[in-house]
Amino acid sequence: GLRFNTGIGQHILKNPLIVLSMVEKSAIKPTDEVLEVGPGTGNMTIKLLEKAKHVTAFEVDPRMAAELEKRVLGGPLNHKLKIIRGDVLKVDELPYFDVCVANLPYQISSPFINKLLIHKPLYRCAVLMFQQEFAQRLVAKPGDKLYCRLSLNVQLYTKVDMLMKVGKNNFRPPPKVESSVVRIEPRFPRPAVCFQEWDGLVRICFSRKNKTLSAEFRQSNVLEMLNKNYATFCHLQNKPIPENFVIKDYVNDILTKNEFSNKRSRTMDVDDFLRLLHCFNSAGIHFS
Ligand SMILES: C[S@@+](CC[C@H](N)C(=O)[O-])C[C@H]1O[C@@H](n2cnc3c(N)ncnc32)[C@H](O)[C@@H]1O
């Protein structure tokens with residue numbers, strides 16, 4: 001048998017009920033193009049192929065890719081499968097897909113989510129397995145202990161739901177921590193916000209997340225950056241920087257005027273952050 005390399009997240013789902021449940025939750029139609037990341041030996045791939053029109057599977061381990069190929073070769077599902085041998089993170093853009101289903105290697109959770117967030121073509125949903133705590137951060141709401149920058153970035157572009165917890169003994173070899181499956185559905189229309197600006201703001205607001213916004217924006221490194229960006233902004237607009245301009249007071253005025261100074265980032269939702277970003281940007285304050 002194959003030896004599993006846990007260094008690249010090889011924990012094979014051995015419980016067929018979990019595989020079936022993930023496939024069922026993804027509600028694949030016979031016309032769907034499916035993207036799978038890390039098919040491994042193909043336990044889930046076979047089920048996806050039975051439901052979908054076509055499956056594209058990225059697999060970085062050539063031994064696994066060979067195993068999967070052997071499994072479908074000569075069978076009725078073979079023509080529906082395209083195996084891409086390589087690292088899914090190394091492609092500039094993900095291929096087109098209607099549904100993405102993956103028992104992801106945990107090492108690539110964050111970078112893969114980021115790839116999904118910048119993926120512009122509209123897809124129906126992604127049903128993904130993560131480490132439990134990572135999944136809880138994705139779905140966390142304002143006030144929750146795990147609410148963080150990741151929650152906001154994901155919830156800006158998508159609606160995320162927790163589907164099920166999956167104990168470690170459903171995998172071979174069992175990982176160290178529990179897992180969870182989430183369902184991600186892109187928001188339509190896609191919010192028309194500059195992601196660099198958005199993420200720049202959220203990053204500052206969560207740098208000391210239990211403080212008030214006015215405290216977050218009193219940090220000298222933050223003020224220095226905003227001052228530099230403001231100078232660039234004025235230069236690009238061909239406007240002189242106002243005489244006696246003090247970034248600290250300017251930022252504080254914006255926060256106060258818009259009733260944000262005493263708010264705390266951990267209680268603010270996506271719409272609050274969008275409004276805050278708009279207040280700053282329309283006053284010439286930029287985060288990227
Ligand atoms: C958690 S296993 C899942 C295997 C199978 N889908 C299952 O559920 O039983 C993760 C798989 O992803 C592959 N993998 C790891 N990093 C990858 C990457 N960057 N791109 C593509 N595949 C990767 C591993 O070789 C492994 O087969």
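The model is predicted, so to speak of local features pLDDT must be at least 70, side-chain atom pairs count only at pLDDT 80 or more, and totals for chains, interfaces and linings use all residues.

**Stop one: the sheet.** Show the strands (DSSP runs of E, at least two residues; helices are runs of H or I, at least four residues; both are numbered from the N terminus). You will find an open sheet of 7 strands in the order β4-β3-β2-β5-β6-β9-β7, with mixed pairing; two strands pair if DSSP finds at least two bridges between them. From one strand to the next, the twist averages 20°; axes here are lines fitted to C-alpha atoms, for helices over the stretch in contact, and angles run from 0 to 180 degrees between N-to-C directions.

**Stop two: across the strands.** Pick β5 (residues 99–103) and β6 (residues 125–131), a parallel pair with 5 bridges. Asn 103 has Met 129 of β6 as its bridge partner. Continue to β9, which pairs with β6 in the antiparallel sense over 6 bridges; there, Val 181 is the bridge partner of Met 129. β7 and β9 also run antiparallel, joined by 8 bridges, and Met 162 has Val 182 of β9 as its bridge partner.

**Stop three: the core.** Is β9 enclosed or open? It is largely enclosed by the rest of the structure, because 6 of its 8 residues are buried (buried means that 20 or more other C-beta atoms, placed from the backbone, lie within 10 Å of a residue's own). The largest nonpolar core has 51 residues, and Leu 128 and Val 182 are among those touching the most other members. Such a core is a set of buried Ala, Val, Leu, Ile, Met, Phe, Trp, Tyr and Cys residues joined through C-beta atoms within 7 Å. β6 gives this core its largest share, 6 residues. Another core, of 19 residues, lies apart from it and includes Trp 198 and Val 270.

**Last stop: the ligand.** Select the ligand and the 23 residues that surround it, the closest being Leu 13, Gly 38, Gly 40, Asn 103 and Pro 105; a residue counts as near if its C-beta atom, placed from the backbone, lies within 6 Å.

Technical notes:
Residues numbered from 1 in each chain as written. Buried ≥ 20, exposed ≤ 12 C-beta atoms within 10 Å, placed from the backbone.
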